[in-house]
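Subject: Structure handover

Hello,

Please find the structure below. Notes on what was found in it follow.

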Amino acid sequence: MNKFFIWCSGADVATVLKCESPERNKYSNVGMVVFFVALLASLSATYFISYAFDKSPDPAINPAYALVGLLWGFVIISLDRSIVATINKEDPVKKQLMRAAPRFIIAIFIGLVISTPLEMKIFSKEINNKLREIIFNGITHGSKAQLQAREAILVAKERELNTLDNEKNSNYRIFRDEINGGTTGQRGYGKKAREYEGNYNKSVDAYNGKKVEVDSARADLKTLQFELGTVESITDDQIAQRAGVEMRVIALYSLNSFHWVITALFILFEILPMIVKLLGAKGNYEKFSRDQRELYQTAVIDDFKLRQNRADELREVTWAEQDKQRNTKETIERKLKEEILLQLAQAQKDIVSERIVHFKKKSLEALFEVQTECSPHSPNLDKATDKPNSSNRQENEGSGRKKEAISVNPQSSLIVDPLLEEIIWKGEFDNIPSTFVFHSEGAANARQLVIKKGVNTLENSSWCYKGGTAGKLQVSIRGNKTNFSYQISGAQLILKSKRKELIFNRLDI
């Protein structure tokens, strides 16, 4: 039990047990005060919930209300433990007071909250009497004003009734006198008598109506007077039905000042543990607590340093591994690049070789045909030897080309000029940048010609050697044929016709 009270004081049980007996008793007493305040808080909350939800004058304790009260007591004991435990005796006195000031305010507020429901239970009879007085004053204040108003109305109606009674009696006397001879001197029930009788009947009706109103006003006045007489006999059950928690609290605080003594007592119980903690001298508990905090801080710092050192070591190892992996990756990438470059170079070499073989094969296998304008048989060839004659050799020599540049397929006698064919020639055609490619494919009189004029490609274009001799061309563009003589000088191609001269430069890839 002693350990439980030490725990209630907000102190560390194991540390307090290391201290001497006086200091253990101090924390045990503080914990007892905290515990009993929480117990009173539980009772207070139970009574408060009972008054809020049970309308009987003396509500019974419901188990559900008791459970809510226990929860409220647990909240109070937790708050009190925190308030007491957060006061550090190692701090200077001024700092302790500054830190304790808001805790005092909280403690006072908790004392008020706890004491009010218990005071409502303690002073229940006085509160019921006060509520009876409040209810009676509230009822009688309105009823007296209403009573006075109704009395004034009744007096006015009685005065009117007296006036109508006098008027009725006066009309009756006039009617009776007229029957006895009255103003006309004629006895009996004549015309004038009937007139006076009508006036009398009207006054009787008015008097009877007013008398009904007066009787009703007298009945209402008697009823109100009876209600005022029964207000003082109101029971506690009726008070419980009329008055809620708010009215009971108002009635409690409107009592004399004695109930404030109990309120002050609860507030004292609430702040007593803090007062004991502030006024008590610094003992072994504070010393042991400080040593434990220092050991804990040292352990935390050492653990942090150890973790940091391990992290640094892992980081260094990681960096070394990363450097090694990066170097290995760079070496592999460099070797791959070298292999790829070698393979590309070999592939380009193979492609060039294949193109040369393909070109030779196409040149040797092409058919040499000459039709009407582009005859496949060269008239300038010697039939016996299938070699160009002397005049053809002179033309080739005059064109500035090597004699070996122009060859003839010995089987088909097809003229092949590798310095002209399968080469991209770039220049201007109709003042527009253009490219010409004289392909070997196609018939001898209609070989494929690709002309790209600006961004447009001219369709249905072909070419052939004019008259079957090198040095002369016939170009067909969309059905329009033009004869050219051509001359190749180095990387330049010159095409001449009767109307124009085109100059192209070889575009090397």
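**Helix α4 and Ser 82**

Ser 82 lies in helix α4; helices (H or I, at least four residues) and strands (E, at least two) are DSSP runs, numbered from the N terminus. This is a predicted model, in which local features need pLDDT of at least 70 and side-chain atom pairs count only at pLDDT 80 or more, while totals for chains, interfaces and linings use all residues. Residues are numbered from 1 along each chain as its sequence is written, and side-chain values use heavy atoms, with hydrogens and water left out.

Ser 82 is partly exposed, because its relative accessible area is 43% (buried is under 20%, exposed over 50%, partly exposed in between; 1.4 Å probe, protein chains only). A polar atom of the Ser 82 side chain lies 3.0 Å from the backbone oxygen of Ser 78. Ala 11 is 71 residues from Ser 82 in sequence, yet their C-alpha atoms are 9.8 Å apart.

The buried residues of α4 include Tyr 65, Ile 76, Ile 77, Asp 80 and Arg 81. The helix covers residues 63–85, and its 23 residues should span 33 Å at 1.5 Å a residue, which agrees with the 33 Å between its end C-alpha atoms (expected span: 1.5 Å times one less than the number of residues).

**Nonpolar cores**

The largest nonpolar core has 22 residues, and Leu 420, Trp 425, Phe 438, Leu 473 and Leu 493 have the most contacts inside it. Such a core is a set of buried Ala, Val, Leu, Ile, Met, Phe, Trp, Tyr and Cys residues joined through side-chain atoms within 4.5 Å. Elements giving two or more residues to this core include β7 (424–429), β8 (432–443) and β13 (480–489). Another core, of 14 residues, lies apart from it, with Phe 123 and Ile 127 among its members.

Leu 420 touches Trp 463, Tyr 465, Tyr 486 and Ile 488, among others, not counting residues up to four places away in sequence (contact: heavy atoms within 4.5 Å).

**Largest pocket**

About 670 Å³ of space lies in the largest pocket. A pocket is an open set of points on a 1 Å grid over the protein atoms alone, where a 1.4 Å probe fits, with protein on both sides within 12 Å along at least five of seven lines; lining residues have an atom within 4 Å of a point. Of its 20 lining residues, Arg 355, Glu 421, Glu 422, Ile 423 and Arg 506 are the closest to the centre. Helix α11 gives the most to the lining, with eight residues.

Regards

Terms used. Polar contact = N/O pair within 3.5 Å; in protein donor to acceptor, adjacent residues only side chain to side chain. Points joined across faces, edges and corners; volume = space filled by probe spheres on them.
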